[in-house]
Amino acid sequence: MADQQIQFKNTKTGKLQNIPSSDIDTIAWMRLANKPGLKFSLSNGTSLRFGGFHDKDFEKIKAFASKNWNKEVSQLEQSLKGWNYGKAEVKGQVLEFDVDDKPCFEIPLSNVSNCTSGKSEAVLEFHQNDDCAVSLMEMRFHIPTDPDADEDVDPVEILCTTPRGRYDIKVYQNHLSLHGKTYDYKIPIKTIMRLFLLPHKDGRHMYFVVQIHSFIQISLNPPLRQGQTRYHFLVLEFTKDEEVELDLGLTQ
């Protein structure tokens, strides 16, 4: 360790890894398997973990980081319950799985080769590690039904041209819920930017277009996705002369 950087050496391969002290955002002391380790969260969103420490090293590292880097070394309490249900959240370039607001495990997004979603699950596919005899290639997350959803709301079947398919739509106070044969969508109201009512060229139908807010970088409000395809607009098709009476459970 030095004033400008910290250097780690792999005891098996001899590979050196340098971390400039200016890139360090937070430092956490945590358990890695059965021994202590350090977790560095960098300013670019990446997370690095290093092991091989002893319990007696904590005070030395804490004092050095405070004096030379002006950084506090916090003790990270981890979940050891062994539960397979919790909360998955993207933090920087890491997917962190928490149980009772304590980290259980994390996955660097650089290890993910593909991500797909179904009606009730999300599937992560990983790059193959040629240096390992056995590699984890896939992980599936089950997405339970929203417990806050009002099951008394009557769905209305609509024809959706983008993304194509027929969906049962439910309108809630804070979001729209679309249920299809293959995909389900939940669209927060705050992500809707504009609404358009456009005529169809056949003169018998109308298009109702919903523009969804999106960001260039990772966001909590992405556009609709089917596999690798993203849809920034939700396009609904209606018959021009058809009239439907609905009771909306919304306040003025």
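This is a predicted model: local features need pLDDT of at least 70, side-chain atom pairs count only at pLDDT 80 or more; totals for chains, interfaces and linings use all residues.
A residue is called exposed here when its relative accessible area is over 50%, and buried when that area is under 20%. Of the 252 residues of the chain, 30% count as buried. The chain exposes about 17,900 Å², of which carbon and sulfur atoms supply 49%. Among contacts between residues at least 6 apart in sequence, 34% join residues at least 24 apart.

Within α1, the residues Asp57, Phe58, Ile61, Ala65 and Trp69 are buried. These residues cover an arc of only 100 degrees around the axis, and they therefore lie on the same side of α1. An α-helix has 3.6 residues a turn, so residues three or four places apart point the same way. The face of α1 turned away from this buried side carries Glu59, Lys60 and Lys67, which are exposed. The cover over the buried residues of α1 includes the strands β1 (5-9), β3 (24-32), β4 (35-42) and β6 (73-75). After α1 comes Asn70, whose phi is positive, near 60 degrees.

The largest nonpolar core of the chain has 16 residues, and those with the most contacts inside it are Ile19, Ile27, Leu38, Phe40 and Val73. Two or more residues are given to this core by each of the elements β1, β3, β4 and α1, and the largest share, four residues, comes from α1. Leu38 illustrates how these parts meet: when residues up to four places away in sequence are not counted, Leu38 touches Ile27, Ala28, Trp29, Leu48, Arg49, Phe50, Phe53, Ile61 and Val73. A second, separate core consists of eleven residues, among them Ile158, Cys160, Tyr185 and Leu224.

Several loop residues were also examined. Gln78 is found in the loop between β6 and β7 (87-91), and a polar atom of the side chain of Gln78 lies 2.9 Å from the backbone nitrogen of Arg31. Apart from neighbours within four places in sequence, Gln78 is in contact with Met30, Arg31, Lys102 and Pro103.

The loop between β8 (94-99) and β9 (102-108) contains Asp100, and Asp101 is found in the loop between β8 and β9 as well. Although Asp100 is not a glycine, its phi is positive, at about 55 degrees; Asp101, likewise not a glycine, has a positive phi of about 60 degrees. The relative accessible area of Asp100 is 45%, so this residue is classed as partly exposed, whereas Asp101, with a relative accessible area of 75%, lies over the 50% cut-off and therefore counts as exposed.

Arg204 occupies the loop between β17 (192-199) and β18 (205-212), and with a relative accessible area of 53% this residue is exposed. Despite that exposure, Arg204 touches Phe238, Thr239 and Lys240, not counting residues up to four places away in sequence. The C-alpha atoms of Arg204 and Asp241 are separated by 7.4 Å, while the two residues stand 37 residues apart along the chain.

Note on methods. Residues are numbered from 1 along each chain as its sequence is written. Side-chain values use heavy atoms; hydrogens and water are left out. Buried means under 20% relative accessible area, exposed over 50%, partly exposed in between (1.4 Å probe, protein chains only). The arc is that of the directions from the helix axis to the C-beta atoms. Contact means heavy atoms within 4.5 Å. A nonpolar core is a set of buried Ala, Val, Leu, Ile, Met, Phe, Trp, Tyr and Cys residues joined through side-chain atoms within 4.5 Å. Accessible areas come from the Shrake-Rupley method with a 1.4 Å probe; for residues, only the protein chains shown count as cover. A polar contact is a pair of N or O atoms within 3.5 Å; within protein, one must be able to donate a hydrogen and the other to accept it, and residues adjacent in sequence count only if both atoms are side-chain atoms.
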